Structures are given as C-alpha cells and as structure tokens.
Amino acid sequence: MSDPMNVLVPEHRRLRIGDAWRDAASGATFVVEDPATGKTIAEVADADVVDGLAALDVASKAMAEWAATPPRKRSELLTATYRALTERSEEVARLITLEMGKPLAEARGEVAYGAEFFRWFAEEAVRVEGRYNTAPAGGYRILTVPRPVGPCVFVTPWNFPLAMGARKIAPALAAGCTTITKPAAQTPLTMLFLARIMEEVGVPPGVVNVVTTKRAGEVVSALLADRRTRKLSFTGSTEVGRVLLRQAADNVLRTSMELGGNAALIVCADADLDVALDGAMVAKMRNIGESCIAANRIYVEEPVREEFTARFAKRMGALSVGHGLDDGVDVGALIDEASVTKIDELVADAVNRGARVLVGGERPDGPGHFYPPTVLVDVPEDARMLEAEIFGPVAPIISFTSDDEVMAKANDTEHGLAGYVFTRDLQRALRFAEGLETGMLGINRGLISDPSAPFGGVKQSGIGKEGSHEGILEYLDVTYAAIDLP
C-alpha cells in the first residue's frame with residue numbers, strides 16, 4: 001500500500017473562496033482520518049460563519065457574469081471537467097478510498113459515475129428552452145424565459161464524496177448558477193480536489209466555492225439566513241433535512257432534498273435466482289452498504305426463501321474485508337466508530353428479539369472501523385433494523401407469502417426513496433411499480449443510479465430530482481411575459 005500523502009497537495013487543506021485558496025479566518029483546522037487505520041492523513045481549514053459569508057460574497061458577485069456566459073462556453077467547461085476527472089481517475093479514486101474507506105475498485109466506479117454528471121449536464125446546458133405561443137383566447141402572446149435561480153448552497157454527504165457534489169455542481173453551473181459547497185467533515189479532501197480541477201480547466205473564480213468546516217450548523221444556518229442565497233440542495237438524513245427545510249422556509253428558498261431511505265428488495269418465487277442474487281449483492285453491498293438506496297430489507301417469497309438465503313449467505317461470507325487500497329478487498333472500512341456502533345447495536349437488537357445470524361454479526365478486533373458482511377434470518381417485525389437505515393453491510397431476510405402482504409410491509413415506512421423487485425412476470429412487475437411508494441424502482445436490477453435518470457424520493461425521502469433533464473430544472477426559475485399583440 002503506497003503512502004497516502006502521495007495523492008495530496010497543500011491546496012487540499014484550505015478553503016476555496018473566489019480566486020484564492022485561503023486558511024480559515026480564525027486559523028482553525030481539523031483532522032481528516034483514514035477510517036481503515038484511524039491515522040490522520042491531512043489537516044484542513046475549519047471555517048466559521050465569517051468564511052461562509054465570504055464565500056457567499058464572491059458567489060453573489062460572480063453570479064451576473066456567470067449567468068450571462070454563453071451556454072456553449074459553460075458546456076465546454078463542464079466537458080473539460082469531465083475529461084480532467086477521467087484522466088486523473090486513479091488519483092481521485094485513491095483519495096476517495098483514503099478518506100472514505102471504500103475499496104479502490106468502488107472508488108474508481110464513483111469517479112466514473114461522478115464524471116458522467118459533468119458530461120451529461122454539459123449536454124443539457126445548451127438545451128435550456130423557453131416558449132412563445134399565442135394565448136388561447138387570442139389578443140396577446142405568451143413568452144416564458146428560464147433564468148438561473150441564483151447562488152446555491154450545497155451540503156454533501158461523506159458516502160460518495162465526489163459524486164454527490166458533482167450531481168449538484170454540474171446542473172447548477174449548466175443553468176448559470178454560482179455555488180458554495182459544504183462537504184462532510186469526514187471527507188472534505190475529494191471536494192477540494194474537484195474544486196482544484198475545475199480551477200485548472202478554467203471555471204471562473206467565484207463560481208465554485210468550497211467551505212470545509214466541523215461547525216456545519218453555524219455556517220450553513222448563516223448562509224440560509226442571508227437573502228442572497230436562493231437555493232439549497234442537501235443530501236443526508238431525513239432528520240437533518242427537516243431542520244434545513246425549516247431554516248430554508250424563512251427566505252422561501254428553492255430546495256432539493258435527497259434524504260434517508262429504507263429500501264425493500266423483493267424476490268418473488270418466479271424470479272431468476274441467479275439474477276436476483278447478483279442484484280441483491282449489488283443493491284446491498286455497493287459502497288459497503290453505506291448508500292441511501294441500499295437494500296435495507298430483503299423480502300423473499302416462501303417457496304424460494306431457503307435456496308435464496310443459503311446462496312446469498314454463502315456469497316456474503318466469501319467477501320474479503322480490509323483496507324480499501326489493498327488488493328483483493330471487497331469490503332472496506334465504515335466511515336467512523338459511530339457507524340460501527342450503530343450497526344452492532346441494530347444486530348444485537350434483532351438477535352435479542354429472536355433473529356438468527358447466518359454470517360458475520362460480530363465486529364472484529366484491531367484498528368479501523370470495520371464490520372463484517374452479515375446476514376440475519378427470522379428477523380421479527382419489531383426489530384429496529386427494519387425501520388432504521390442500516391447504512392452498512394448487514395442484510396435482514398424476511399419471508400412473505402403474497403404480493404399484497406409484501407407490498408404493505410414494504411410501504412410501511414416514512415421513507416420512499418428506492419426499491420427493488422425480482423420477477424419474470426411482467427404484469428406482476430408492473431403491479432409492484434404502481435403499488436410501491438418509492439421514487440425509484442429497480443426491476444430485475446440492483447443498480448439504478450444513472451446521471452441520465454431522475455434520482456429522488458417520495459414521502460420523507462426528499463423533494464425534487466437530481467440527474468436527467470429534471471435535474472437542471474431544479475436550478476431554473478421561469479419568467480412569464482404577456483405581450484400585447486392583437
């Protein structure tokens with residue numbers, strides 16, 4: 001394993017505000033750790049409210065010029081960012097693994113996924129259209145003109161430190177908005193590296209600002225309270241999302257909220273079990289299970305429950321656990337000690353209520369924040385893990401006997417982000433598609449994330465969509481003009 005410092009440069013430890021890489025006004029810093037070892041890999045600037053408002057100052061001043069920049073020019077800068085990320089994929093991937101913990105192969109996948117948002121929205125930037133038509137009653141014309149909403153504040157999570165920022169920054173820039181990103185304190189380095197790349201390809205100063213801080217509540221609250229901020233996009237827990245929505249209400253901000261999930265994965269008796277097993281492994285173990293769309297509850301129809309469970313447990317038990325930069329590792333470290341403790345408590349709660357552990361179930365000794373791939377059966381309905389977002393490599397399996405039964409169980413949650421169904425019966429699949437209360441559904445597929453598709457949930461899993469054509473609309477207001485023309 002190579003020296004982690006090889007992928008870091010001094011700029012990664014400072015705030016990106018306007019045309020400068022600067023220390024926090026207070027001089028404060030905080031440490032970033034490798035979750036696989038607990039060792040410090042960098043210190044970064046710890047911004048306070050003064051720094052946050054300084055970023056808003058430059059974002060506001062840059063807004064008019066960036067909005068007036070020809071769409072083709074904005075498109076070319078986004079394309080250049082896509083190419084730069086692709087060319088430096090290995091460097092970015094190593095940085096992601098070091099600060100987040102996922103295996104290097106998955107980090108490479110995240111870089112490819114995140115880069116695609118810049119390519120997709122480079123294409124969308126030149127396709128923002130209004131309309132001109134005769135009013136139905138005649139006598140005047142209707143003209144609609146889309147305009148960028150204004151300076152945007154982004155709060156991004158630690159589980160996809162590149163992709164979640166890219167999914168917000170790319171459509172904002174395509175629409176003509178300037179941005180301030182507050183990355184998660186556990187994983188600030190990747191976002192600072194992205195800002196550096198965007199500086200190098202020629203994105204103008206003030207358009208992409210990054211403020212790292214361990215005082216997120218204070219800094220974000222101050223930004224939302226300032227009337228120059230016109231848009232908030234947040235990816236994270238439903239609990240924090242509710243707080244931010246209340247704060248955003250004071251200035252009636254446009255909001256996009258991608259919040260928590262509790263995805264049900266349903267395996268029907270008529271499913272192709274090979275396809276279902278492959279899909280379940282991806283839906284459960286992508287990103288070590290630290291994903292809002294991860295399969296949180298696996299429901300298997302009774303006739304195939306025994307076979308599916310045995311084969312799934314065998315595959316989970318065969319996964320190797322270790323440092324994400326080591327060869328052959330399938331499952332890296334979880335983000336921090338709190339995550340490991342939470343998962344351990346959820347497993348213990350299920351076992352105390354009668355569940356049985358088939359694979360894993362015990363945290364290992366030694367350094368780092370690791371938890372083994374775990375499969376539980378006979379999980380009772382009152383187990384906390386069926387309601388809580390597990391966010392780790394733990395899979396509870398529950399049997400079902402009818403579609404109505406499993407549909408009711410799958411929908412019995414405040415969340416509605418994603419779901420998965422495996423069946424060879426088209427009509428059955430369509431009934432699930434119409435009956436499950438989710439914003440996204442994978443049918444015979446465990447991977448549903450795609451920059452060209454609208455990502456987002458229903459119920460308390462969020463507001464708005466990211467990706468696809470819908471993604472750029474989140475950053476546009478529409479002005480309507482009535483033109484007298486008899």
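At what angle do the axes of helix α9 (residues 273-285) and helix α10 (residues 302-317) cross? They cross at roughly 50 degrees and come within 10 Å. An axis here is a line fitted to C-alpha atoms, for helices over the stretch in contact, and angles run from 0 to 180 degrees between N-to-C directions. α9 and α10 are therefore oblique to each other. Angles under 35 degrees count as roughly parallel, over 145 as roughly antiparallel, 65 to 115 as roughly perpendicular and the rest as oblique. The crossing of α9 and α10 is right-handed. A crossing is right-handed if the near helix is turned clockwise from the far one by less than a right angle, and left-handed if anticlockwise.

This is a predicted model, in which local features need pLDDT of at least 70 and side-chain atom pairs count only at pLDDT 80 or more, while totals for chains, interfaces and linings use all residues. Residues are numbered from 1 along each chain as its sequence is written, and side-chain values use heavy atoms, with hydrogens and water left out. Helices (H or I, at least four residues) and strands (E, at least two) are DSSP runs, numbered from the N terminus.

Helix α5 (residues 163-175) packs with helix α6 (residues 189-201) at an angle of about 30 degrees. Their axes are 11 Å apart. α5 and α6 are therefore roughly parallel to each other. α5 passes α6 in a right-handed crossing.

Next comes a sheet. Seven strands form it, in the order β14-β15-β16-β13-β12-β17-β18. The sheet is open, and its pairing is mixed. β14 (356-359) and β18 stand at the edges with a single partner strand each, so one side of each has no neighbour in the sheet. Neighbouring strands of this sheet are turned by 25 degrees against each other on average, direction ignored. Two strands pair if DSSP finds at least two bridges between them. Strands of a sheet pair through backbone hydrogen bonds, either parallel or antiparallel.

Follow strand β17 (residues 418-422). Strand β12 (residues 263-267) pairs with β17 in the parallel sense over four bridges. Here Ile266 has Val421 of β17 as its bridge partner. β17 also pairs in the parallel sense with strand β18 (residues 440-443), over four bridges. Gly419 has Leu441 of β18 as its bridge partner. From β17 the chain crosses through helix α13 (residues 426-435) to β18, in a right-handed β-α-β crossover. Right-handed means that, with the strands pointing away from the viewer, the path from the first strand over the helix to the second runs clockwise.

Is β17 mostly covered or uncovered? It is mostly covered: five of its five residues are buried. Buried means under 20% relative accessible area, exposed over 50%, partly exposed in between (1.4 Å probe, protein chains only). In a regular strand the side chains alternate between the two faces of the sheet. In β17, Ala418, Tyr420 and Phe422 are buried on one side, and Gly419 and Val421 on the other.

Finally, look at some loops. Asn444 lies in the loop between β18 and β19 (462-463). Its phi is near 55 degrees, a positive value in a residue other than glycine. Asn444 is partly exposed, at 34% relative accessibility. Lys459 is in the loop between β18 and β19. Lys459 has a positive phi of about 50 degrees although it is not a glycine. Asp46 lies in the loop between β4 (40-45) and α1 (49-68). Asp46 is buried, with a relative accessible area of 10%.
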